Amino acid sequence: METILKTNLLTKQFKQQKAVDGVSLQIERGAIYGLIGRNGAGKTTFLRMVAGLARPTSGEIELMGIHSTERGISDAFERVGCLIEQPGVYKNMSAFENCKLKAICCGVYSKEYVEEKLALVGLRDVGKKTVGNFSLGMKQRLGIALALIGEPDLLILDEPINGLDPQGIIEVRDIIQTINRERNMTILISSHILEELSKIATHYGIIHNGRLIEQISSEELMDKCAAKLVIVTDTPEKACMVLDDFGDVAYKVADKQTIYLSNHLDDAADINMALSRAGVAVQSIGKKNESLEDYFIGLIHKAN
Amino acid sequence: MSNVICMELHRMFRTRSFYITIALCAVSVFLMTFMIAPMINGSQQTNEVGDVTIYTTVDFSDFLVCPVSFCGELIRSLCGMFLVIFVGCFTGVFYTNGFCKNVINQVKHRGYFQVGKVVCILIYTTVLLAISAGTAILFGRLMINSFTFSYMGEFAKFLLGQWCLLTVVGLFAAFVTELFGSKIPAIVYILLVSSNLMQGILSVVDGKLSKWLSMEIMLEKWLPSLYQPSFSLDAPDVSGNNRALFYALVPSLIFFILYNIAGAALITKRDVK
């Protein structure tokens, strides 16, 4: 799998404060990578560095196989499209005119090309209406259209669903999924709305106080958050032998004392009795069902 | 680079301030011609002081009214002001509305945007001077009886020198706008210069410095007011003296290079907000 973006100890310091502190991550082609963190965690600063809008204080970026110290890094940045914070648009121009300007700059302008991008984001029929009269959702969609001009390989979206109504959120989500699916575009998206991100992201990175505290795939996250029976015992090996004899029990040994069962969730009493009869000392057994928010809050508390 | 220049030119011709500032400059030239023309035509003026009416006749018969003497004065006082207002608006909005985030990394070198700005400023200055000069000549000819088309060569040299200086003014305004992230400092500066308030402010500074440092002899050569850049060329006399043009071209070239280097360095090195 091709690595689109790789950072190594990326740091950005403003006077005494480190906004981003030694972030190292890797994103493969075709992934939708969700960057999660509270307000002020360092998400936007990190995205600005990756998009080439801000210079790192230290650390390295490798974009599409080109290292940030190489001369060709500007070629790599040309293949990045970004929507950072508010969409940057000329309010006295129409959506078409704004897109036309960027298309001219990229050397890809044609009327059909711009209209195709506007159609992709659902702005084909706005006509000559100036952007100053757009709703927030329309501006966000125009920002995405601008980021798509030039056919980037990596699309960076900084909290694209902020301030949108539910309909707007659905529309932006659909756009992101469409471009990922149809064009195999790699997308790096930041948000603090976990529920929305969980519907589209394939990988997650959690940033807290400028540090990346966890990277996890969506399958691993679902696995961790799924309802399970948790058995805590000092002899997990012996417990596993009992579980094997119990029946079709799907279990996983999480650590030296913990076993997770993903089925037989309502058979805690029977399982406990079976373990006791086999001489396995059970410290605790119970059902655990963790929401995404609980999981992330737990991570942040651990990081603190 | 050509793509960036095309983008900036397209943006300039879609910007309202391009047309508004040029139109306002032309209207200002017309109004000043309208006010000055009766005096030059030697009309009788009346002033009422209480119950007494005083009649005066102003005789401008010895004053040669030609493009270089008449239009030059109008242009040099007005064009710089409108140029800076336009450049401040045009340059500033690229950063303040955030459009720069969309395009700044879509080119090999960010310095291309400096080139695009320079081309736009050159074209705007040309159009502004052409329309202002044309308006002054047209209405001067229509309203002033003694207007003649003489010393046109001197007038052309004057326009060339003024064009060079105004281009540098525009680059200075663009640099200041980018440095402060706002068009206000550049506009305030040019308004102070145009209204001669800057000279007054610098004179006050001169006085304070002389008083504090008590080194009047040394300060004669180092007073700030002596080094205020002049952004307009004195309308030359009609004796064919080319020194004014020389004094415009040489500093223009120097400051042209300096502001371009400074502007390119700023756009290249600074984080985009």
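User: Which residue of β13(A) stands opposite A:Val253?
Analyst: This is a predicted model, and the pairing is read from its coordinates. Strand β12 (residues 251-253) of chain A runs antiparallel to β13(A), with three bridges between them. In β13(A), the residue opposite A:Val253 is A:Ile259.

User: How many residues does the hairpin from β12(A) to β13(A) pass through?
Analyst: The two strands are antiparallel and joined by three bridges. A hairpin connects β12(A) with β13(A). The number of residues it passes through is four.

User: In β5(A), what is the bridge partner of A:Glu62?
Analyst: β4(A) is joined on one side of the question to strand β1 (residues 3-14) of chain A, antiparallel, by five bridges. There, A:Lys6 has A:Glu62 as its bridge partner. Two bridges also join β4(A) to strand β5 (residues 66-67) of chain A, again antiparallel. In β5(A), the partner of A:Glu62 is A:His67.

User: Which residue takes a positive phi in the hairpin of β4(A) and β5(A)?
Analyst: This hairpin has two residues between its strands. The phi in question is near 55 degrees. The residue that takes it is A:Met64.

User: Which element of chain A has the lowest mean pLDDT?
Analyst: Chain A averages a pLDDT of 89, and 100% of its residues score at least 70. Among its elements, helix α3 (residues 95-106) has the highest mean, 95. Where pLDDT is low, predicted coordinates should not be read in detail. The lowest mean, 77, belongs to helix α11 (residues 292-303) of chain A.

User: Turning to chain B, how many helices and strands does it have?
Analyst: From the N terminus, its elements run α-α-β-β-α-α-α-α-α-α-α-α. Of its 273 residues, 44% are buried. The secondary structure comes to two strands and 10 helices.

User: How far apart are the end C-alpha atoms of helix α2 of chain B?
Analyst: Helix α2(B) covers residues 16-40, which is 25 residues. At 1.5 Å a residue, the helix should span 36 Å. Its buried residues include B:Phe18, B:Ile22, B:Val29 and B:Ile40.

User: Is B:Val250 buried or partly exposed?
Analyst: B:Val250 is in helix α10 of chain B. Its relative accessible area is 35%. Buried would require under 20%, and exposed over 50%. So B:Val250 is partly exposed.

User: Which helix gives the most to the nonpolar patch?
Analyst: The patch covers about 480 Å². B:Leu160, B:Leu249, B:Val250, B:Ile254, B:Phe255 and B:Leu258 make it. With five residues, the helix giving the most is α10 (residues 243-269) of chain B.

User: What is the C-alpha to C-alpha distance between B:Ala130 and B:Leu159?
Analyst: B:Ala130 lies in helix α5 (residues 111-143) of chain B. At 49% relative accessibility, B:Ala130 is partly exposed. In sequence, B:Ala130 and B:Leu159 are 29 residues apart. In space, C-alpha to C-alpha, the distance is 8.9 Å.

Notes: Residues are numbered from 1 along each chain as its sequence is written. Chains are lettered from A and ligands numbered from 1 in the order in which they are written. This is a predicted model: local features need pLDDT of at least 70, side-chain atom pairs count only at pLDDT 80 or more; totals for chains, interfaces and linings use all residues. Side-chain values use heavy atoms; hydrogens and water are left out. Patches are made of residues with over 30% relative accessible area and no salt bridge: like charges are joined within 9 Å, nonpolar side chains (Val, Leu, Ile, Met, Phe, Trp, Tyr) within 5 Å. Accessible areas come from the Shrake-Rupley method with a 1.4 Å probe; for residues, only the protein chains shown count as cover. A salt bridge is a side-chain nitrogen of Lys or Arg within 4 Å of a carboxyl oxygen of Asp or Glu. Buried means under 20% relative accessible area, exposed over 50%, partly exposed in between (1.4 Å probe, protein chains only). pLDDT is the predictor's confidence in each residue, from 0 to 100. Two strands pair if DSSP finds at least two bridges between them. The expected span of a helix is 1.5 Å times one less than its number of residues.
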